[in-house]
Amino acid sequence: MITLTHYLVLSAILFSIGLAGVIRRKNLLLLFFSTEIMLNAANIGFAAIGKFYGDLTGQMVAFFIIAVAASEVAVGLGLLVLWYKRTGTIDLESMQEMKG
Amino acid sequence: MEAIAFYLFSVITIGMFAIVVFSKNALYAMSALAGGMIAISGFFFMLDADFLGAVQIIVYTGAVMALYAFGMMFFDTTKDVKENIKEDKIVNALWISAVVILIVIVSVPFVSDHIMLDASTSDYKVIGANNPQAVGIFLFTKYLVQFELAAVMLLVAMIAGIILVSKKMDISLTTTVEEKIEKEEFDIKDAK
């Protein structure tokens with residue numbers, strides 16, 4: 001029998017993978033991928049809670065998260081392409097302008 | 001049956017996302033991410049969120065991953081990603097402990113069964129109508145304002161994406177430096 005806790009633990013594991021990626025990686029494109037993983041983990045949690053409460057609000061929040069993720073990709077990828085055209089690299093350390 | 005599906009999809013998703021986070025090649029990472037997204041939609045179908053599962057496949061694997069694939073045309077993806085990952089002990093300790101704490105926080109209800117679900121307080125139950133119909137009813141009544149705001153946000157994001165990427169597409173910005181671009185802009189203005 002799969003309970004709510006199973007889904008929440010899965011959601012936490014996926015979120016942790018995304019968090020590890022955000023902390024560890026230095027490539028901006030892979031940072032975006034890690035962010036997507038974290039958003040998806042949150043979606044699973046919302047959908048699971050919504051089901052076990054018998055409430056649709058969880059699914060609604062998940063829909064709006066998907067909308068936010070889509071906008072984030074559009075704007076973020078635009079900025080990334082622009083940055084790559086300017087500097088020829090998408091490494092996070094190329095953005096360190098301040099020395100210290 | 002549900003348990004088999006749950007564990008199968010869990011293994012697929014966690015494996016795929018681990019590839020995304022630890023892969024050296026950006027192309028492999030993107031493909032693995034797309035596969036993981038499909039597997040996640042399996043969870044939504046298991047959770048009786050049929051419409052959400054369909055949206056997950058269409059929006060994530062259809063639109064978002066296609067956008068990433070399109071964006072990766074600009075980057076050199078065949079080469080391995082060279083990253084200056086410093087194996088800093090403090091950073092490693094921090095992220096591992098963050099992961100452990102997060103999992104412990106969520107899995108504590110396993111041990112102490114104190115979180116009781118009280119479905120009787122919920123006002124928005126799925127009564128009768130099947131999932132896509134119920135979603136439509138709630139989306140266009142209770143969540144209408146948020147829906148419209150999301151629509152405006154997507155429009156703004158679309159315009160921002162178009163402006164950011166397509167600006168100065170006739171000039172190759174990869175080979176020219178910034179001052180030269182500005183100079184060329186002056187030349188164009190002078191020519192006019």
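**View 1. Chain A as a whole.** Of the 100 residues that make up chain A in this predicted model, 63% count as buried. Chain A holds three helices and zero strands, and read from the N terminus on, its elements follow the order α-α-α. Among the contacts in chain A that have a separation of 6 or more, 60% come from residues 24 or more positions apart. Chain A exposes about 3600 Å², of which carbon and sulfur atoms supply 69%.

**View 2. The largest nonpolar core.** This core has 64 residues, and those that touch the most other members are Tyr7(A), Leu29(A), Phe33(A) and Tyr68(B). The elements giving two or more residues to the core include helix H1 (4-24) and helix H2 (28-53) of chain A, as well as helix H5 (131-139) and helix H6 (144-166) of chain B. H3(A) gives the most, with 13 residues.

**View 3. The surroundings of Leu29(A).** When its neighbours within four places in sequence are left aside, Leu29(A) is in contact with Leu77(A), Leu80(A) and Ile90(A) of chain A, and also with Ala26(B), Tyr68(B), Met72(B) and Phe75(B) of chain B.

**View 4. Helices H2 and H3 of chain B.** The axes of helix H2 (residues 26-46) of chain B and helix H3 (residues 50-71) of chain B come within 8 Å and cross at roughly 170°. Because angles over 145 degrees count as roughly antiparallel, H2(B) and H3(B) are therefore roughly antiparallel to each other. Among the residues that make the contact are Met30(B), Leu33(B) and Phe44(B) of H2(B), together with Ile57(B), Tyr60(B) and Tyr68(B) of H3(B). The residues of this contact divide into 15 nonpolar, four polar and one charged.

Conventions:
Residues are numbered from 1 along each chain as its sequence is written. Chains are lettered from A and ligands numbered from 1 in the order in which they are written. This is a predicted model: local features need pLDDT of at least 70, side-chain atom pairs count only at pLDDT 80 or more; totals for chains, interfaces and linings use all residues. Side-chain values use heavy atoms; hydrogens and water are left out. Axes are lines fitted to C-alpha atoms, for helices over the stretch in contact, and angles run from 0 to 180 degrees between N-to-C directions. Helices (H or I, at least four residues) and strands (E, at least two) are DSSP runs, numbered from the N terminus. Angles under 35 degrees count as roughly parallel, over 145 as roughly antiparallel, 65 to 115 as roughly perpendicular and the rest as oblique. Contact means heavy atoms within 4.5 Å. Ala, Val, Leu, Ile, Met, Phe, Trp, Tyr, Cys and Pro count as nonpolar, Asp, Glu, Lys and Arg as charged, and the others, Gly among them, as polar. Buried means under 20% relative accessible area, exposed over 50%, partly exposed in between (1.4 Å probe, protein chains only). Accessible areas come from the Shrake-Rupley method with a 1.4 Å probe; for residues, only the protein chains shown count as cover. A nonpolar core is a set of buried Ala, Val, Leu, Ile, Met, Phe, Trp, Tyr and Cys residues joined through side-chain atoms within 4.5 Å.
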